[in-house]
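Thanks for coming. I will go through one structure part by part, so please keep the picture open while I talk.

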Amino acid sequence: MTFSICVRESYVDDGGDDQHRFGVAVTTRLPGVGALCPFASEHGAVATQALTNVELGEKGMDYLEDGLAVDDALQALLNADDGRSERQLHGVGSETTFAFTGDDCLGWAGHREGDDYTVAGNLLTGAAVVEAAADAYERSVDGDSDEPLAKRLIDALGAGHAAGGDKRDDLDVQSAAVVVTTTEDREMEPYYNDLRVDATETPLRDLRETFSMAREGYEAALEKYAEE
């Protein structure tokens with residue numbers, strides 16, 4: 001159904017305080033993935049997919065807010081889920097990561113877990129999709145990119161798509177989404193940190209274009225209200 005990436009990044013804000021940002025991005029050859037799969041808050045990021053159980057994402061975020069580590073939280077939810085063999089669930093919290101692929105997930109299905117990120121997919125053309133997405137994200141970190149995390153997550157999905165992506169090329173209506181959150185208290189959250197393309201034949205191209213326009217609009221708004 002899907003491939004997705006969840007990440008955690010540390011940074012120092014303008015006031016010199018340590019902060020975390022969390023992000024999740026996802027694409028699939030079905031409409032409306034942004035309504036079902038990605039979850040993020042100031043406590044972490046989670047993606048639920050394959051035979052999607054939205055409750056895993058919703059309750060996972062509740063558990064993170066209560067102070068549980070993401071690996072403990074998501075494993076506890078899977079333990080109580082009779083359909084876990086058909087689930088794929090992964091995410092990052094403030095300190096730990098977690099990735100799970102059920103034995104009964106369809107097609108090629110698997111995941112990769114790094115120190116501060118997880119990537120997972122199912123019904124893919126092969127492992128190269130997950131590896132390409134993970135490698136692209138790692139390069140964006142190692143290269144000390146100034147690009148916003150949302151843009152770098154979209155680029156990671158693009159690398160996975162270029163490596164083969166979802167194998168169901170007979171399904172034309174697709175979707176993609178990206179969500180980025182932070183522990184920083186900001187007066188105005190960048191508009192480009194929560195974007196969805198719900199039904200299109202070119203989801204990643206459209207999500208890139210939406211990001212570019214949202215970024216332009218955000219910068220224009222900052223300039224306008226700074227003057228006022």
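**The sheet and its helices**

Let me start with a pair of strands: β3 and β4, the latter covering residues 44-50, pair in the antiparallel sense over four bridges. Within this pairing, phenylalanine 39 stands opposite valine 46 of β4. Keep in mind that this is a predicted model.

Now the sheet as a whole. Four strands make up an open sheet, in the order β3-β4-β5-β6, with antiparallel pairing. Its edge strands are β3 (38-41) and β6 (97-101), each of which pairs on one side only. From one strand to the next, the twist averages 10°.

Which strands does helix α1 lie across? Helix α1, residues 54-65, lies across β3, β4 and β5 (87-92), and runs at about 165° to β4. Helix α2, residues 70-79, also packs on the sheet: α2 touches β4, β5 and β6, and its direction makes about 25° with that of β6.

Next, helix α3, residues 127-142. At 1.5 Å a residue, its 16 residues should span 22 Å, and the end C-alpha atoms are 22 Å apart, which agrees. Several residues in α3 are buried, among them Val129, Ala133, Ala136, Tyr137 and Ser140. In general, an α-helix has 3.6 residues a turn, so residues three or four places apart point the same way. What do the buried residues of α3 pack against? They pack against β1 (2-12), β7 (108-113), β8 (117-124) and α4 (149-162).

That brings me to arginine 152, which is found in helix α4. Is arginine 152 buried or exposed? Its relative accessibility is 7%, and the cut-off for buried is under 20%, so arginine 152 counts as buried. Its side chain makes a polar contact with the side chain of glutamate 9, at 2.8 Å. Arginine 152 also touches other residues, including Tyr137 and Ser140, both of which are among the buried residues of α3.

Last, the aromatic residues. The structure holds four aromatic pairs. In one of them, the rings of tyrosine 192 and tyrosine 218 have centres 5.7 Å apart and planes at 90°, so this pair is edge-to-face. Tyrosine 192 sits in the loop between β9 (174-182) and β10 (194-200), and tyrosine 218 in helix α5 (residues 203-227), so the pair ties together parts 26 residues apart in sequence. Tyrosine 192 is buried, at 11% relative accessible area, and tyrosine 218 is buried too, at 12%. Together with Tyr191 and Phe211, Tyr192 and Tyr218 form one aromatic cluster.

Methods
Residues are numbered from 1 along each chain as its sequence is written. This is a predicted model: local features need pLDDT of at least 70, side-chain atom pairs count only at pLDDT 80 or more; totals for chains, interfaces and linings use all residues. Side-chain values use heavy atoms; hydrogens and water are left out. Helices (H or I, at least four residues) and strands (E, at least two) are DSSP runs, numbered from the N terminus. The expected span of a helix is 1.5 Å times one less than its number of residues. Buried means under 20% relative accessible area, exposed over 50%, partly exposed in between (1.4 Å probe, protein chains only). Contact means heavy atoms within 4.5 Å. Two strands pair if DSSP finds at least two bridges between them. Axes are lines fitted to C-alpha atoms, for helices over the stretch in contact, and angles run from 0 to 180 degrees between N-to-C directions. A polar contact is a pair of N or O atoms within 3.5 Å; within protein, one must be able to donate a hydrogen and the other to accept it, and residues adjacent in sequence count only if both atoms are side-chain atoms. Rings of Phe, Tyr and Trp (its six-membered ring) pair if their centres lie within 6.5 Å; planes under 30 degrees apart count as stacked, over 60 as edge-to-face and the rest as tilted.
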